[in-house]
Amino acid sequence: MAVSTRTSLALTRRPRRLRRTEAIRALVRETRLTPDCFIYPLFICAGEGVRREIGSMPGVFQLSVDEAIKEAAAAKGDGVPAVILFGLPETKDPEGSAAYDPDAPVQTAVRALKREVRDLLVMTDVCLCEYTSHGHCGIVEGDEIVNDLTVDQLVRAALSHAVAGADVVAPSDMMDGRVGAIRKTLDERGFDRTAIMSYAAKYCSGFYGPFREAAESTPQFGDRRSHQMDPGNVAEALREVEIDIEEGADIVLVKPALPYLDVLAKVKEHFGYPTAAYHVSGEYSMLKAAAQRGWLDEPRVMMESLIGIRRAGADMIITYYAREAARAL
Ligand code: PBG
């Protein structure tokens, strides 16, 4: 018989045995994706019945509060436990004061979501860039983003989110000392149960481009290099994470995700702390664009991207794919 005449290598190890069937592959799979590790970003605008698609992010919308309730309830129905809110204020000024207006879209949405969508975890992004007329993440003097004055504004914003009922506030500005300042004020005001997820290692990235269209937060001049991290650095990321943990962060976040998987892995390994990754707008848009042209198989590359982020060390992932991925699982 042909079989017996085949030459057979005297191998003691044949790793392919564990890849023969889906059943055995599932048994030895080291990393799993489940819908409960996803956080779904929502862009909240004023008005009613508004559902405006973002050109560079197909499937992602600016939503008025009533529409956001529907979207969050649907996400919850898909198994996604958490949302993170970004705001599009009606007015902007140099100090970004709409960031702590109790009646602004984010604060209104927090109250509505906590009231209307049972057991939904509500997180809020805390930054000034969506609220300042110049689009910078802080108070600008000359060509400088002034750290400590900015932190005062961020504290006001975070407090207003906590008052509205946010479960988690997530400062994304990269100012020094903001985590400690937010923690102190929240505790003094009786919000000791409100958690802080700090964007601890946030890089100065071109992959935020589509987000800035979605959040209408493109800086009118200059860039974000004086506060966001240089893409070449990793030891600095560990220092940033260490500082934020010392200041009281409950969860630390690395952003973007795929170009910084080494950073994510080191952060998780080094601190063993609850760690999040942000699969950002540009990472989503490039998969969408290639998929629309038929160049990539979207369901596959979506899952492969997300599992890669998990494997590198993320406990949770902020992703615009949250609903699609949850439904596919
Ligand atoms: C700042 C913020 C940004 C993102 C999240 N929070 C933009 C920036 O720093 O310019 C980007 C998220 C994404 O690209 O999906 N509020």
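The report below turns to the ligand site and then to the backbone.

This is a predicted model, in which local features need pLDDT of at least 70 and side-chain atom pairs count only at pLDDT 80 or more, while totals for chains, interfaces and linings use all residues. Residues are numbered from 1 along each chain as its sequence is written, and side-chain values use heavy atoms, with hydrogens and water left out.

Around the ligand there are 18 residues, of which Lys 202, Arg 212, Lys 255, Ser 281 and Tyr 320 come nearest; a residue is near when one of its heavy atoms lies within 4 Å. By class, this shell has nine nonpolar, three polar and six charged residues, where Ala, Val, Leu, Ile, Met, Phe, Trp, Tyr, Cys and Pro count as nonpolar, Asp, Glu, Lys and Arg as charged, and the others, Gly among them, as polar. Polar contacts, meaning pairs of N or O atoms within 3.5 Å, include the following.

| Side chain | Ligand atom | Distance |
|---|---|---|
| Asp 125 | nitrogen | 3.1 Å |
| Gln 228 | oxygen | 2.9 Å |
| Ser 281 | oxygen | 2.7 Å |

The protein covers 100% of the 410 Å² of accessible area that the ligand has on its own, as computed by the Shrake-Rupley method with a 1.4 Å probe.

In the backbone, the peptide bond from Lys 255 to Pro 256 is cis, with omega near -10°. Asp 119, although not a glycine, has a positive phi of about 65°, and its 62% relative accessibility makes Asp 119 exposed, a class that requires over 50%. Glu 216, likewise not a glycine, has a positive phi of about 50°.

How values were computed
A polar contact is a pair of N or O atoms within 3.5 Å; within protein, one must be able to donate a hydrogen and the other to accept it, and residues adjacent in sequence count only if both atoms are side-chain atoms. Buried means under 20% relative accessible area, exposed over 50%, partly exposed in between (1.4 Å probe, protein chains only).
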